[in-house]
Amino acid sequence: MKKMLINARYFIAPTLILTALAGVILGGPFVWVGVALFGIGIVIDTMTMPFHPPGAGTDENGETNGIPWLQNSVMYLMLLVFAALQVAIAWRIYQYVNGAPIETMTLLGFIPFTSGITGTELVGATISTGLFAGIGIIYGHELAHTKGFSFVIARLMMGLSCSAHFCYAHVYNHHLELAHEDDPATAPRGRDIYTHLWMSYFGQSKFLYKMEQTRLAKLGKSFISFDNRWIRGFMMSLPSFILFTWVGGLIGIACMFLILTISNFLLEALNYMEHYGLIREKGQPIDYRHSWDNSNLFTSWFFIEIGRQGDHHDRGETHFWELDEVGSPNGGWGYFTEFVVALVPPLYHSIMKRKLAVWDREFATEGERRIADRMNKLAGYHVADANTVLARI
């Protein structure tokens, strides 16, 4: 029973994703459920900031409390859930474009739902879909560190957000070049979260493009071929493009673009918050200090321990339920809370420059401090007093 309860805490995200899906299907005001749930997540995350529970841990026999078959099954099933989410919003787009009459009907003979959708409701349904499609990154990320069948699931899952390249770029670029300018997923000091979306997305896509260029040339194969994993990644997104174009024409394409933008914005927001402003000299080993841990209660359970970045980058293929604290710098807030602050760049930078001043003083090597001095000048970071509450890490 204890093990089941420990594992059940990681079902918060799947439950909310299914609820958002139900909202799109039920229609009417329920299409805004996804937006509302995201807002509630921000509130809960902020309220639980002081609480930092350990990971799943081990039992009295020293075995993990995680139940691998259960957690893996949930992650695999989420691919079908995210596909269903796209089909549901495509159905709503089709109804809107074709002027389906708005009327109350019953689903399965007893569940009332609204057939037809207004323009305002379509906006709500699209935003809700984008927000919770974006949450799929936590499962795509986890499975990207596996091989075989699980890795294919990760690629397909990320392909729904037109980000299949992430699976290769994350493992073969980010995990090897972390906290260095050669890693597009690491945001340098002074960059805002909006710029990072495009710099990181296209930077990671470019990495796989060039990797495939080199790999296929060595194999004597054409770049334009099905052997190209960069091209195959975009082909995984092709069914979504066809679906949205077929059901809604230009409106369908616009809705799809909004969904992809929101979902990728959440993906790159996580990259942004996980390593913002941290520095590593080229060729030097990656250490715990090169990641911001984010381990408050709601963030840990909702994002399946993805905030334990220090341990994750030390043991990349370790399952999320086996990760724990390793002494990485910790901002002390949750991802939902930090995300809201990051949406206001001047506010975010005013806080982070203080935390980075502490990092420079207490964590950085001499070589990293020299780089930090240069980066601080470029970013306009000057901190007279880094011993404030906001500076704690």
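Predicted model: local features only at pLDDT ≥ 70, side-chain atom pairs only at ≥ 80, totals over all residues.
**Pocket lining, salt bridges and a buried loop**

In this model, the largest share of the lining of the largest pocket comes from α9, which gives seven residues; helices here are DSSP runs of H or I of at least four residues, numbered from the N terminus. Residues are numbered from 1 along each chain as its sequence is written, and side-chain values use heavy atoms, with hydrogens and water left out.

Let me stay with the pocket. Its volume is about 520 Å³, and 26 residues line the largest pocket, those closest to its centre being His 180, Glu 181, Asp 183, Pro 184 and Thr 186. On the terms used, a pocket is an open set of points on a 1 Å grid over the protein atoms alone, where a 1.4 Å probe fits, with protein on both sides within 12 Å along at least five of seven lines, and lining residues have an atom within 4 Å of a point; the volume is the space filled by probe spheres set on the points, which are joined across faces, edges and corners. The elements that give two or more residues to this lining are α9, residues 193–218, and α15, residues 366–379. By class, the lining has eleven nonpolar, five polar and ten charged residues, where Ala, Val, Leu, Ile, Met, Phe, Trp, Tyr, Cys and Pro count as nonpolar, Asp, Glu, Lys and Arg as charged, and the others, Gly among them, as polar.

Helix α15 also holds Ala 372, which counts as buried because its relative accessibility is 1%; buried means under 20% relative accessible area, exposed over 50%, and partly exposed in between, with a 1.4 Å probe and protein chains only. Ala 372 and Arg 189 are 183 residues apart in sequence, yet 8.8 Å apart in space, C-alpha to C-alpha.

Turning to charge pairs, the whole structure has 17 salt bridges, each being a side-chain nitrogen of Lys or Arg within 4 Å of a carboxyl oxygen of Asp or Glu. Which residue does Glu 212 meet at 2.7 Å, N to O? The partner is Arg 215, and because the two are three residues apart in helix α9, they are separated by about one helical turn. Glu 212 is buried at 0% relative accessibility, whereas Arg 215, at 25%, is partly exposed. Glu 212 also forms a salt bridge with Arg 229, at 2.9 Å, N to O, and this pair links distant parts of the chain, since Arg 229 lies in helix α10 (residues 229–275), 17 residues from Glu 212 in helix α9. Both Arg 229 and Glu 212 are buried.

A further salt bridge joins Glu 305 and Arg 308, whose closest N and O atoms are 2.6 Å apart. Arg 308 is buried at 0% relative accessibility, and Glu 305 is buried at 1%.

Glu 305 brings me to the backbone, as it lies in the loop between α11 and α12 and has a positive phi of about 65 degrees although it is not a glycine. Most residues other than glycine have a negative phi. Ile 304 lies in the loop between α11 (297–302) and α12 (309–314), has a positive phi of about 40 degrees, and is buried at 3% relative accessibility.
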